[in-house]
Amino acid sequence: MEAETSEDHLKVQKMKKKVLRKQVRAQHTLMRHEGIKCIPHATQSLVIANAGLGNGMSRLQLLKILEEYGAMETLLMPPNKPYSFVKYRTTEDAKKAFNALNGKEVTLEDCGQNIVLYINFVEKVSLQNAVPTSLPPGLMVIEKIISPEEERKMLESIDWKGDEDTQNAQKTLKHRRVKHFGYEFRYDNNNVDKDKPLPGGLPEICSPFLEKCLKQGYIKHKPDQLTVNQYEPGQGIPPHTDTHSAFEDEIISLSLGAEIVMDFKHPDGHTVAIMLPRCSLLVMTGESRYLWTHGITPRKYDVIQASEELGHKVRAITADVGDLTLNRRETRTSFTFRKVRRSPCNCIYPSVCDSQKGQQRPVQPSFPQNEMEASKLEQEYVHKVYEEIATHFSSTRHSPWPQITEFLRSLPAGSIVADIGCGNGKYLGINENLYMVGCDRSKNLVDICGEKHFQAFVCDALSVPIRSGSCDACISIAVIHHFSTAERRLATIRELARLLRPGGTALIYVWAMEQEYKNQKSKYLKEKNGSKNKDKEMNTGTAQRPFSDQEPDNSNQDSAWSDQLLKGLKDESCGAKPVADFRLPVHTNRTSFHSQDLLVPWHLKSGAKKKEESVDTVLVPSGSKESQELNPVFHRYYHVFCEGELEAVCRSLDCVKVQKSYYDQGNWCVILEKL
């Protein structure tokens, strides 16, 4: 009996030593790879190794395990990591959880695998807040586009067994089963044989659905090609862009049988994971169709927002570690409809277009990959351009915008105000009771301010030679969107905050991606349709300028803003090397934006080149070589902001708070207060 007791005691001691070794190893791993320091004394906060989304622990199961030992304040589960953080309301409850769970074996509910938990105390639970993630430009997800009964009929219409010998091009690929209708998509050359339609066309069951899409405006042309894919859990599809020369712009995909997460990736490496709910429709047009790749990662579980389990669908998955869980995949079938293209693609993304490879086109600058490239891009496509167009630009900037005027007139008399990026000084004389000083990167625009007897000087918005905390207010109107990386845009806002005294305020305006907001077109878009001389305006640049201080003339763009801010939480496996040859698109004047980073043309008015120069007026045919020489076109770099982007960037600074955020005629606007 004593021998058995001694043997049991040895087993217990051996197990304790093993747990201690594993616990210490977990401490070293967390410190070496994540920079998380574990501490020997008890606190309210614990890190739980082997209990993360990365090794199959769902949020619901972990909550059930932890709540037995007391009330919790926070449970954070970083994406794709094998650990989680919990903060209890009291240290005593945290100690109870530590004593009960350290070294405990549990069974993962979703897969039946046994794991052992190893727990350590940490000083505090603190991870970077997630930034709202916007959908790729040109992409929509429409939920509940069909009823469950319609879904059942469409699924039953696909016979995966009975017609393998027919000509409807059924294939079992490595990652999925696939069947084609209308035209077969050939995976050997990634194209369709446009002269060999498949017999029977599209299934009749699809007709009511397609008519609905046409009526609702989701598509403009009725598709003539359908690919049906079926994915079992663990299957997927490699990242790809549908061949430009094969299909027209609009591509729509219906998700049946189950929901799934689809990954989108921009050439600059920016990724967005999007939840496609069951019975939802994915619509890809413009940039999202031509430039971004899309794919489904082969796995049995998706990381999703925990709020989705409660019925709140969040289509763009954010790295909100306080709201992530696992979702087991089920069998999903997709119906993807396309329109076969009958002529070469002439999209604005020639660097990724198979129709335009080898064609000679004007060389456009690439998206900057580092600080040096960003600075060079801004020098060539912002600073030099404004020096060239200063006189013409100033002649179009004479009407102050009402809400900016209201902000300046609301400031107390005697306030010291800096206009960072003052241009021609349009706002420097709004309120004579203020002490206002302006600065701008353009010497020629600053000279125009001097001619108006305003106080202004030349400097860069990234480094303003004004003493810290000396301003009661600052304004930055249509400036920050000229900085070409997220870091530089953030640094500009940080510089504004530096100038302010505690309690001081700053008003920021940037151009909006959304030129149609709440079913209202901006003045910028309206002026295209409202002008009888719109062709003349586009070619001469003499049109009245839109409400925003930055007018486009020719194209589209891409974005990396949320990726930059989220890089601390970014899963290493999602990071792609930027594509070096991605060219910035050129925007078409007075049209909606389809990209975020782009070049905006300025058609210099004949006779307005530089204030010290004069150009004789000569009548020449529009579009001729002589016309181009007399009316040169300059391209300015812009990053147009998506809804919530400017506010999110501002909130990432600890030294300010957002007093107000609003939309004003094609611009996103924020009022900051220095803390």
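Student: Which element gives the most to the lining of the largest pocket?

Tutor: That is β15, with 3 residues, a strand being a DSSP run of E of at least two residues, and a helix one of H or I of at least four, numbered from the N terminus. This is a predicted model, in which local features need pLDDT of at least 70 and side-chain atom pairs pLDDT 80 or more, while totals for chains, interfaces and linings use all residues. Residues are numbered from 1 along each chain, and side-chain values use heavy atoms, without hydrogens or water.

Student: What makes a residue part of the largest nonpolar core, and how many residues has that core?

Tutor: A core joins buried Ala, Val, Leu, Ile, Met, Phe, Trp, Tyr and Cys residues through side-chain atoms within 4.5 Å, where buried means under 20% relative accessible area, exposed over 50% and partly exposed in between (1.4 Å probe, protein chains only). The largest has 49 residues, and F264, L282 and I389 have the most contacts inside it. Its largest share, 7 residues, comes from helix α7 (residues 371-395). A second, separate core of 34 residues includes C474, V479, L496 and L646.

Student: Why are the buried residues of α8 said to lie on the same side?

Tutor: In α8 (residues 402-409), I404, T405, F407 and L408 are buried. They cover an arc of only 160° around the axis, so they fall on the same side of α8, the arc being taken from the directions from the helix axis to the C-beta atoms. The face turned away from that side carries the exposed residues P402, E406 and R409.
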